[in-house]
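The text is to be read alongside the coordinates.

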Amino acid sequence: MVDASALPDAIELAIVGAGPHALTLVAHLLQKRQALRGRCLVFDPSGTWMRQWHHQFAAFEIPHLRSPAVHHPDPDSFALRRFAESRSAELFPPYDLPGTHLFRDFCQSVIQRWQVQDWVYPAQVLRVEPLRPRFRLELHSGETIVARRVVITGGGSKPHWPAWVSQILD
């Protein structure tokens, strides 16, 4: 978790949400552009990677993922399969669906391997405002930060897009 008193004025990339999609994005970005290290922040109220994902899987007692072992946050397609070599009983047939605990532990290994433990800033993003060519994020604490790019990796809830989103040109 990032020290809440150390919010910079501006960053290159703001990622909203700290679930598996955000972790996937961060790992793939770092594989391609190590220069982004230290220039990105992930914003999540928990201040921790995967907190809501773990909570929801535990609450619903979900034993395994729906996707086969090749679908995971690490850029290496075979990383989860190698990680599971000593835990093959946690890959469910017929498509080697990773067990919940196996996937949780694997994601922790991805976080450690890519050294992104301290990328999650403990804050809820309340508003994203365009400043062209940048964006201002307003946090629940009243703090603001400017980002060159913003990626929202929210989970299963219906997104509520501000009106200005439809005005952005590709």
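Two strands are taken as paired if DSSP finds at least two bridges between them. The model is predicted, and the pairing described below is computed from it.

**Sheet**

Under that definition, six strands form an open sheet with mixed pairing, in the order β5-β2-β1-β8-β7-β6. Its edges are β5 (120–122) and β6 (125–130), each of which pairs on one side only. From one strand to the next, the twist averages 45 degrees.

Strand β2 (residues 40–44) pairs with β5 in the parallel sense, over three bridges. In this part of the sheet, Asp-44 stands opposite Pro-122 in β5. Strand β2 also pairs with β1 in the parallel sense, here over four bridges. Ile-15 stands opposite Val-42 in β2. The chain passes from β1 through α1 to β2, a β-α-β crossover that is right-handed.

Is β2 enclosed by the rest of the structure or open? Five of the five residues of β2 are buried, so the strand is largely enclosed by the rest of the structure. The side chains divide between two directions: Cys-40, Val-42 and Asp-44 point one way from β2, while Leu-41 and Phe-43 point the other way. All of these residues are buried.

Helix α1 (residues 20–32) lies across β1, β2 and β8. The helix runs at about 140 degrees to β1.

**Salt bridges**

The count of salt bridges comes to eleven.

| Pair | Closest N and O atoms |
|---|---|
| Glu-12 and Arg-149 | 2.8 Å |
| Arg-81 and Asp-96 | 2.8 Å |
| Glu-90 and Arg-87 | 2.6 Å |

Which strands does the salt bridge of Glu-12 with Arg-149 link? Glu-12 forms a salt bridge with Arg-149, and the pair links distant parts of the chain: Glu-12 is in strand β1 (residues 10–16) and Arg-149 in strand β8 (residues 144–152), 137 residues apart. Glu-12 has 9% relative accessibility and counts as buried, because buried means under 20%. Arg-149, at 39% relative accessibility, counts as partly exposed.

Arg-81 forms a salt bridge with Asp-96, and this pair also links distant parts of the chain: Arg-81 is in helix α3 (residues 79–83) and Asp-96 in the loop between β3 and β4, 15 residues apart. Arg-81 has 34% relative accessibility and counts as partly exposed. Asp-96 has 27% relative accessibility and is likewise partly exposed.

Glu-90 forms a salt bridge with Arg-87. Glu-90 counts as partly exposed, with 21% relative accessibility. Elsewhere, salt bridges that share partners join Glu-12, Arg-39, Arg-148 and Arg-149 into one network.

**Pro-94**

Pro-94 is placed in the loop between β3 (91–92) and β4 (97–98). Is Pro-94 buried or exposed? Its relative accessible area is 65%, so Pro-94 is exposed, the cut-off being over 50%. Pro-94 and Pro-63 are 31 residues apart in sequence. In space, the C-alpha atoms of Pro-94 and Pro-63 are 14 Å apart.

Note on methods: Residues numbered from 1 in each chain as written. Predicted model: local features only at pLDDT ≥ 70, side-chain atom pairs only at ≥ 80, totals over all residues. Heavy atoms only, no water. Buried < 20%, exposed > 50% of the residue type's maximum accessible area, 1.4 Å probe, protein only. Salt bridge = Lys/Arg side-chain N within 4 Å of Asp/Glu carboxyl O. Axes fitted to C-alpha atoms, helices over the stretch in contact; angles between N-to-C directions. Contact = heavy atoms within 4.5 Å. Right-handed = clockwise from strand over helix to strand, strands pointing away.
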